[in-house]
Amino acid sequence: MKKLYTNVTLILPGEVLEGASILVEDGRIKTFGRAEAPADCQVENLGGKMMTPGFIDLHVHGGAGIDFMQNDPDGILAAARAHLEHGTTTLLPTSCASTNEALFDMFDGYRKADARNTEGARLYGIHLEGPYLSVKMKGAMEEHLLTDALPEYYMPILEAGGDIISRWTIAPERKGAFELANLLQKRGIVASAGHTTASPEILAEAAKHGFTLATHLYNAMTAMHKEGIFRLSGAAEGMLSNEAYDVEVVADGIHQPLEILNIAWRVKGSDRMALITDGTAVSGCPVPESGKSILASREVWIEDGIAKLLDRSAIAGSIATGDVLLKKGLAAGIPLVDVVKMLTATPARIIGATDFGRIQEGYLADLCVWDENNDVTLVLKEGREVYRK
């Protein structure tokens, strides 16, 4: 396919280019700016609408009524499609703490779905969240599944997962965490610190062993607290202040106040911070006033637009999609170019993607067009128009 889109507002890293055009050819961005239409080329005037790269969600548990841990290829494809229709063209299906057997089922479902995935968001490897996490900071994880990072537990996972594991969330204070992180670094897998009570000192040592990312900053981790008469920094401050760490933030406006989102952006900058949904099976669905849903193997409760454990003791992921992150980032007072960068170029760098995540000549044409309400009207995946509202 060869097509020129004209009269479009392109959102580039650090720049907004109005009244531009962009030429898509053979699945990639041929040229942009003041591009001319070559022979035998379709042309569409987008009426000044905004175009961004497709969003990249590094942490998402499901959508369209399906949890990614279900060995249901059709369901996984439906979830990937639901997220694509809200602006996300690449995602990392994310697990919860579980048995190895449950993970192997997830691997099987992922592989089957990935082989057939043409109309949904690209599946870019699995994010393993646990089970080597802090009991004190378990969040929605099931406590009896949490354990130390021992080779007899994780080696079978690495062998079964092969090259489909992209990142792994681990509490650095757990026994064996540093050894596992060293191994992940050698294999090109991102080691992420999360569900943790680690002090800034432990996090600094963890960085020497290959930890590079903070999992859902400020959620399921310690923050500044008082011990006796003194105030001490927690894991959140250790991650924010340490230049070795990128951070991801659940930007749904529920997991933390928008002011915290703004502060994290001011500290880390859009180059070192990614926005995620932490979306669950309800993401991309009409949201019920109340009702049950699932997160991995456990039931959760949807109430007031929030996913909660049944006993209301913790938030259990979100119901957000990519368009929600865009709107909440802007509502937090962050400039448009920075919000988009934290949804595209920065997460692409974090996972080592080098041919998508930005509007650049030669990059894959994963592109989204947005209306004046910041709702998706058109999605291109590798140059194909796969969704039009």
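# Getting to know this predicted model

User: Is Asn45 buried or exposed?

Analyst: The relative accessible area of Asn45 is 51%. Exposed means over 50%, so Asn45 counts as exposed.

User: Which residue has a side chain joined to that of Asn45 by a polar contact of 3.1 Å?

Analyst: Leave aside neighbours within four places in sequence, and Asn45 is in contact with Thr6 and Asn7. The polar contact of 3.1 Å runs side chain to side chain, and the partner of Asn45 is Asn7.

User: What separates the C-alpha atoms of Asn45 and Arg167?

Analyst: Along the chain, Asn45 and Arg167 are 122 residues apart.

User: Let's move to helix 2. How far does helix 2 reach from its first C-alpha to its last?

Analyst: Helix 2 covers residues 100–116, which is 17 residues. At 1.5 Å a residue, 24 Å would be expected, and the model comes close to that. The reach is 25 Å.

User: What covers the buried residues of helix 2?

Analyst: The buried residues of helix 2 are Asn100, Leu103, Met106, Phe107, Gly109, Tyr110 and Ala113. Their cover includes helix 1 (73–84), strand 9 (88–93), strand 10 (122–123), strand 11 (126–129), helix 3 (151–161) and strand 12 (165–170).

User: How many aromatic pairs does the structure hold, and what kind is the pair of Phe104 and Phe107?

Analyst: The structure holds four aromatic pairs. In the pair of Phe104 and Phe107, the ring centres are 6.1 Å apart and the planes sit at 40 degrees. Phe104 and Phe107 are three residues apart in helix 2, so about one helical turn separates them. With planes at that angle, the pair is tilted.

User: Which of these is buried and which is partly exposed, Phe104 or Phe107?

Analyst: Phe104 has 29% relative accessibility, so it counts as partly exposed. Phe107 has 1% relative accessibility, so the buried residue is Phe107.

User: Which residue lies over the face of Phe356?

Analyst: Phe356 is buried, at 4% relative accessible area. The residue over its face sits 4.5 Å from the ring centre, and that residue is Arg122.

User: One last stop, Ser270. Which residue's side chain makes a polar contact with the side chain of Ser270?

Analyst: Ser270 is found in the loop between helix 7 (258–268) and strand 18 (273–276), and at 9% relative accessibility it counts as buried. Leaving aside neighbours within four places in sequence, Ser270 is in contact with Trp265, Asp338, Lys341, Met342 and Thr346. The side-chain polar contact, at 3.2 Å, is with Asp338.

Conventions: Residues are numbered from 1 along each chain as its sequence is written. This is a predicted model: local features need pLDDT of at least 70, side-chain atom pairs count only at pLDDT 80 or more; totals for chains, interfaces and linings use all residues. Side-chain values use heavy atoms; hydrogens and water are left out. Helices (H or I, at least four residues) and strands (E, at least two) are DSSP runs, numbered from the N terminus. Buried means under 20% relative accessible area, exposed over 50%, partly exposed in between (1.4 Å probe, protein chains only). A polar contact is a pair of N or O atoms within 3.5 Å; within protein, one must be able to donate a hydrogen and the other to accept it, and residues adjacent in sequence count only if both atoms are side-chain atoms. Contact means heavy atoms within 4.5 Å. The expected span of a helix is 1.5 Å times one less than its number of residues. Rings of Phe, Tyr and Trp (its six-membered ring) pair if their centres lie within 6.5 Å; planes under 30 degrees apart count as stacked, over 60 as edge-to-face and the rest as tilted. A charge sits over a ring if NZ of Lys or CZ of Arg is within 6 Å of the ring centre and within 35 degrees of the ring normal.
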